[in-house]
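Subject: Structure for your review

Dear colleague,

Please find below the structure that I am handing over to you.

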Amino acid sequence: MTVSETELSVICKNCGSEVSPYVTECPYCGARLRKRAPKLGRRGDGLGPKPRRGRRPRLGRRGGATAAAVPIRPYATLAAILGSAALLLVQKASGDSLSTFGGLIVPLEDGWWRFLTAPFAYTDVGYLFVVAVGLAIFAVGLERRLGSGPTAVLLVGCGALGMLVASGIANAQDHVEVIAGGNGMALGALAAWFALRRAEAGQAIDQDYDAIGVVVAAAVLLALPIFDSSANVFAGLVGGAVGGLAGLTAAALRPAE
């Protein structure tokens, strides 16, 4: 009796190993596969298990293909976009100033927490729309690679560090400025995604990689200070640098596939 390779297709749901269709328990982990051995039917010159009706594949916690098929929801990206939109809506409805809703006023008199809130405060819908599109394009892909928690930390870090440096430069120049918005956050997401995607491509541009689109998106985000006075160029540059370094570090630490 011979068994072809195509018949060895039973997958253990517990450990993900491929086992013989003739056993009732997994020889690797001992998990129960079925109550009784399958009935044998004649196939050509030999015997083999009777064909079973096809089943839809299940998503498991373990195993390579099944675990990779589980989608990751972009909660961090949605929180950054929807939270900023809600904050802008309440600000416009109340008529209060930007500083009341977390904007960074230089020179800073009080509230170190403004470095954390300023990237989510906006003066108009146009500024928010451009940043939201940038986050939707790059932060979602970043979140699928790193997860929601690390992506949230990365976005907040890029925005806050950008605000910190922008505030320091404005103080050194004795400027009075209102700094707000997530251009640094969006540029950080773009740079981190670019570093990870570049590493995945093995220094080669393939059909899923659009370098021209990345350059255009970066140029639009960098040009935001031209159209909105609350967008700071140094906040954007520092946020992009922090995101790029984080992306390179994550690419170096990720296991080879």
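Predicted model: local features only at pLDDT ≥ 70, side-chain atom pairs only at ≥ 80, totals over all residues.

The mean pLDDT of the chain is 80, and 74% of its residues reach 70 or more. Two stretches call for caution. Over residues 1-8 the pLDDT stays under 50, and the model has 11 contacts beyond four places in sequence for them. Residues 54-70 likewise stay under 50, with 10 such contacts in the model.

The largest nonpolar core comprises 25 residues, and those with the most contacts inside it are Val131, Leu135, Phe138 and Leu190. At least two residues of this core come from each of helix 2, helix 4 (125-146), helix 6 (183-200) and helix 7 (211-222). Helix 4 gives the most, with 7 residues. Another core, of 9 residues, lies apart from it; among its members are Val106, Ala118, Ala166 and Ala235. To return to Leu190, its contacts, not counting residues up to four places away in sequence, are Phe138, Val214, Ala217, Ala218 and Leu221.

Helix 2 also packs with helix 5, at an angle of about 40 degrees and with the axes 8 Å apart. On the helix 2 side, the contact is made by Tyr75, Ala76 and Ala80, and on the helix 5 side by Ser148, Thr151, Ala152 and Leu155. By type, the residues of this contact divide into 5 nonpolar, 2 polar and no charged.

Two residues may be of interest individually. Ser84 lies in helix 2, which spans residues 75-94. Is Ser84 buried or exposed? Its relative accessibility is 1%, so Ser84 counts as buried, the cut-off for that class being under 20%. A polar atom of the Ser84 side chain lies 2.8 Å from the backbone oxygen of Ala80. Leaving aside residues up to four places away in sequence, Ser84 touches Ala79, Phe120, Tyr122 and Leu128.

Ala172 is placed in helix 5, which covers residues 148-172. Because its relative accessible area is 64%, Ala172 is exposed, the cut-off for that class being over 50%. Ala172 and Pro107 are 65 residues apart in sequence, and their C-alpha atoms are 9.7 Å apart in space.

Yours sincerely

Terms used:
Residues numbered from 1 in each chain as written. Heavy atoms only, no water. Helix = DSSP H or I, 4+ residues; strand = E, 2+ residues; numbered from the N terminus. Buried < 20%, exposed > 50% of the residue type's maximum accessible area, 1.4 Å probe, protein only. Polar contact = N/O pair within 3.5 Å; in protein donor to acceptor, adjacent residues only side chain to side chain. Contact = heavy atoms within 4.5 Å. Core = buried A, V, L, I, M, F, W, Y, C linked by side-chain atoms within 4.5 Å. Axes fitted to C-alpha atoms, helices over the stretch in contact; angles between N-to-C directions. Nonpolar A, V, L, I, M, F, W, Y, C, P; charged D, E, K, R; others polar. pLDDT = per-residue confidence, 0-100.
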